[in-house]
Amino acid sequence: MLEVKDLYVNYGAIEAIKGISFTVRPGEIVTLIGANGAGKTTTLHTISGLIKAKSGSITYNGTDLQKTDPSKMISLGIAHVPEGRHVFPEMTVEENLQMGAFISKNKEETAATMQDVYEKFPRLRERRRQLAGTLSGGEQQMVAVGRALMGKPSIILMDEPSMGLSPLLVKEVFAIIKEIHAAGITVLLNEQNAKMALSIADRAYVLETGTISISGDAQELLKDERVKKAYLGQ
């Protein structure tokens, strides 16, 4: 479904991504784990076209994403839930969700998708007239995920969805990710909380300073001594 091959990304003279390759198959949850500055967010931004790669290829269902305008990503079925949520603070919850369906010309379908999102997130229905900027961090994360779902994507790129949330809300967010996956959406997940990410993923890649150091079955990586020592605090 998604193939990243020999990807190099620079910030000026600094080499942020150094020749990584990985794949995401339909129906999988694949997670990229690693410390801050490892290159996880840069990788997702490059897939979404927000950053241009120095070299390498990114293909999605046969389409060359390096040659695709970022504004066309959602029409291809790719949604991005950015790090830090980035809701529109001066717009209501419902207006934020509607922004996720900007490519849809079918008002009835958009309304039906909105109801699906509200079923997944009853709290958003309760707060649909509230300004998104006044919500808690957890609620804003729900808005960001709901907004992505409004575009009816085939794959969601999720960047640090648990960042800054309480342990209780972290569990809630990961339950939502599992629910999204159960609905047939493929997930590429960037996450610092390695234990939670590995517990729900099919496969995982460990990023260290722009390179992939370890990869494999997520459940096996949970038992890997290198991963346990570096990322699981064991």
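Predicted model: local features only at pLDDT ≥ 70, side-chain atom pairs only at ≥ 80, totals over all residues.
View 1. The cut-off for buried is under 20%. Ala-16 belongs to strand 2, which covers residues 14-24. Which residues is Ala-16 in contact with, leaving aside its neighbours within four places in sequence? They are Val-9, Asn-10, Tyr-11, Ala-38, Thr-42, Thr-209 and Gly-210. His-45 is 29 residues from Ala-16 along the chain. The C-alpha atoms of these two residues are separated by 12 Å.

**View 2. Thr-209, a contact of Ala-16.** Thr-209 sits in the loop between strand 9 (203-208) and strand 10 (211-217). Is Thr-209 buried or exposed? Its relative accessibility is 55%, so Thr-209 counts as exposed. The cut-off for exposed is over 50%. Look at the backbone here too. Thr-209 is not a glycine, yet it has a positive phi of about 40°.

**View 3. Asn-61, in the loop between strand 4 and strand 5.** Strand 4 covers residues 55-60, and strand 5 covers 63-64. Asn-61 has a positive phi of about 50°, although it is not a glycine. With a relative accessible area of 53%, Asn-61 is exposed.

**View 4. Gln-66, in the loop between strand 5 and helix 2.** Where are the contacts of Gln-66? Not counting residues up to four places away in sequence, Gln-66 touches Thr-46, Lys-52, Ala-53, Gly-56 and Ile-58. Ser-48 is 18 residues from Gln-66 along the chain. The C-alpha atoms of Gln-66 and Ser-48 are 9.0 Å apart.

**View 5. Helix 4, with its buried residues on one face.** Helix 4 runs over residues 107-120. It has 14 residues, which should span 20 Å at 1.5 Å a residue. The C-alpha atoms at its ends are 20 Å apart, in agreement with that value. Which residues of helix 4 are buried? They are Thr-110, Thr-113, Met-114, Val-117 and Tyr-118. Seen down the helix axis, these buried residues fall within an arc of 145°, so they line one face of helix 4. On the other side of the helix, Glu-108 and Glu-119 are exposed. The buried residues pack against helix 3 (93-99), helix 5 (122-126) and helix 6.

**View 6. Thr-113, a buried residue of helix 4.** Thr-113 counts as buried because its relative accessibility is 6%. Its contacts are Leu-149, Met-150 and Lys-152, leaving aside neighbours within four places in sequence.

View 7. Helix 4 gives the largest share of the lining, with four residues. By class, the lining has five nonpolar, one polar and three charged residues.

**View 8. Helix 6, a mostly covered helix.** Helix 6 covers residues 137-149. It reaches 19 Å from its first C-alpha to its last. That is close to the 18 Å expected for its 13 residues at 1.5 Å a residue. How many residues of helix 6 are buried? The count is 12 of 13. Among them are Glu-139, Met-142, Val-145, Arg-147 and Leu-149. What covers the buried residues of helix 6 includes strand 6, helix 3, helix 4 and helix 5. Strand 7 (155-159) and helix 7 (167-182) are also part of the cover.

**View 9. The largest pocket, with a volume of about 530 Å³.** This pocket is lined by 19 residues. Which of them are the closest to its centre? They are Ile-74, Ala-79, His-80, Phe-102 and Arg-147. Arg-147 is also one of the buried residues of helix 6. Helix 2 (73-76), strand 6 (78-81) and helix 6 each supply at least two residues of the lining. Strand 6 gives the most, with four residues. By class, the lining has 13 nonpolar, five polar and one charged residues.

Methods. Residues numbered from 1 in each chain as written. Heavy atoms only, no water. 1 Å grid on protein atoms, 1.4 Å probe; cavity = no way out; pocket = protein on both sides within 12 Å on 5 of 7 lines; lining within 4 Å. Points joined across faces, edges and corners; volume = space filled by probe spheres on them. Nonpolar A, V, L, I, M, F, W, Y, C, P; charged D, E, K, R; others polar. Expected span 1.5 Å × (residues − 1). Buried < 20%, exposed > 50% of the residue type's maximum accessible area, 1.4 Å probe, protein only. Arc of directions from axis to C-beta. Contact = heavy atoms within 4.5 Å.
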